[in-house]
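Subject: Structure for you to look at

Hi,

Here is the structure I promised to send over.

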Amino acid sequence: MAPRPAVFLDRDGVVIEDGHYVGSVDRVRLVPGSAPAVAALNRAGWVVVVVTNQAGVAKGYFTDESVPVVHAHIGELLAEHGGRVDAFYHCPHHPDGEVAAYRLACDCRKPKPGMLRRAAAELDLDLGRSWMVGDRVSDLEAGAAVGAKTVLVRTGYGAEVDAGTLDRSALNLAGVVENLAAAVQRFELGRGPHRRDAGATSRTG
Ligand SMILES: [Mg+2]
Ligand SMILES: [Zn+2]
């Protein structure tokens with residue numbers, strides 16, 4: 001099968017509200033509209049991949065084992081609206097972390113593109129036809145580093161980013177929109193990566 005394009009999503013500030021180190025399920029709140037937006041991406045045949053920096057692990061705020069628990073909960077909330085994340089990747093590291101095992105300058109903490117590259121290898125993704133949606137410039141940098149198109153959302157930290165200062169060309173920036181739902185609408189991502197054969201690769205579940 002040919003490599004498939006993906007829509008990479010940052011987690012905090014894009015899919016869920018950025019609650020500043022969300023390490024437990026009780027603090028998870030979906031960004032309004034994000035679940036139907038993910039469902040639209042699923043229907044259109046994109047591989048949906050969450051790539052998230054979780055330096056709270058390195059800083060000792062929560063354990064690395066708690067991260068997949070939060071992700072399973074996000075998956076349940078999305079599923080209530082028919083949405084599905086195909087894979088979650090998180091970076092637990094931070095160069096100034098308190099927890100020795102995670103205190104390092106890794107290649108996966110965005111803006112480094114390690115998580116996207118790993119996803120591409122494991123899921124057979126076509127990065128050049130993929131998108132990255134984030135609320136921080138570091139998300140856009142990670143996407144641009146692998147040749148993906150990028151979108152900045154105004155939810156989360158995005159409200160504080162001065163879009164006028166962004167180097168659109170270096171960041172492969174397609175545009176700046178209110179939220180994930182608006183990104184799907186504005187860039188017609190709900191029509192799929194390759195409309196003619198989108199039906200062949202889309203799965204419902
Ligand atoms: Mg974020
Ligand atoms: Zn890392």
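Before the sheet, one bit of bookkeeping: two strands count as paired if DSSP finds at least two bridges between them. With that in hand, six strands make up an open sheet, running S3-S2-S1-S4-S5-S6, and the pairing is parallel. At the edges sit S3 and strand S6 (173-177), each of which pairs on one side only. From one strand to the next, the twist averages 20°. As background, the strands of a sheet pair through backbone hydrogen bonds, in either a parallel or an antiparallel way.

For one pair in detail, take strand S1 (residues 6-9) and strand S2 (residues 47-53): they run parallel and share four bridges. Within that pair, Phe-8 stands opposite Val-49 in S2.

Keep in mind that this is a predicted model. The average pLDDT for the protein is 94, and 94% of the residues score at least 70. The stretch to treat separately is residues 195-205, where pLDDT stays under 50. For those residues the model has twelve contacts beyond four places in sequence.

Now the metal. Which atoms coordinate the zinc ion (ligand 2)? They are SG of Cys-91, ND1 of His-93, SG of Cys-106 and SG of Cys-108, at 2.0 to 2.3 Å. The angles among the four donor atoms come to 103 to 117°, and the site is tetrahedral. Along the sequence, the donor residues follow the spacing C-x1-H-x12-C-x1-C. His-93 and Cys-106 are 13 residues apart and link distant parts of the chain, and both lie in the loop between strand S3 (87-91) and helix H3 (114-123).

One more residue, for contrast in setting: Ala-159 is in the loop between strand S5 (149-153) and S6. Ala-159 has 53% relative accessibility, so it counts as exposed, given that exposed means over 50%. Its C-alpha atom is separated by 12 Å from that of Gly-134, a residue 25 positions away along the chain.

That's what I have for now.

Cheers

Note on methods:
Residues are numbered from 1 along each chain as its sequence is written. Chains are lettered from A and ligands numbered from 1 in the order in which they are written. This is a predicted model: local features need pLDDT of at least 70, side-chain atom pairs count only at pLDDT 80 or more; totals for chains, interfaces and linings use all residues. Side-chain values use heavy atoms; hydrogens and water are left out. pLDDT is the predictor's confidence in each residue, from 0 to 100. Contact means heavy atoms within 4.5 Å. Donors are N, O and S atoms within 2.8 Å of the metal (3.2 Å for Na, K and Ca); water is not among the atoms, so sites may look incomplete. Four donors count as tetrahedral if all angles lie between 85 and 135 degrees; four count as square planar and six as octahedral if opposite donors are over 155 degrees apart and all others between 65 and 115; anything else is irregular. Helices (H or I, at least four residues) and strands (E, at least two) are DSSP runs, numbered from the N terminus. Axes are lines fitted to C-alpha atoms, for helices over the stretch in contact, and angles run from 0 to 180 degrees between N-to-C directions. Buried means under 20% relative accessible area, exposed over 50%, partly exposed in between (1.4 Å probe, protein chains only).
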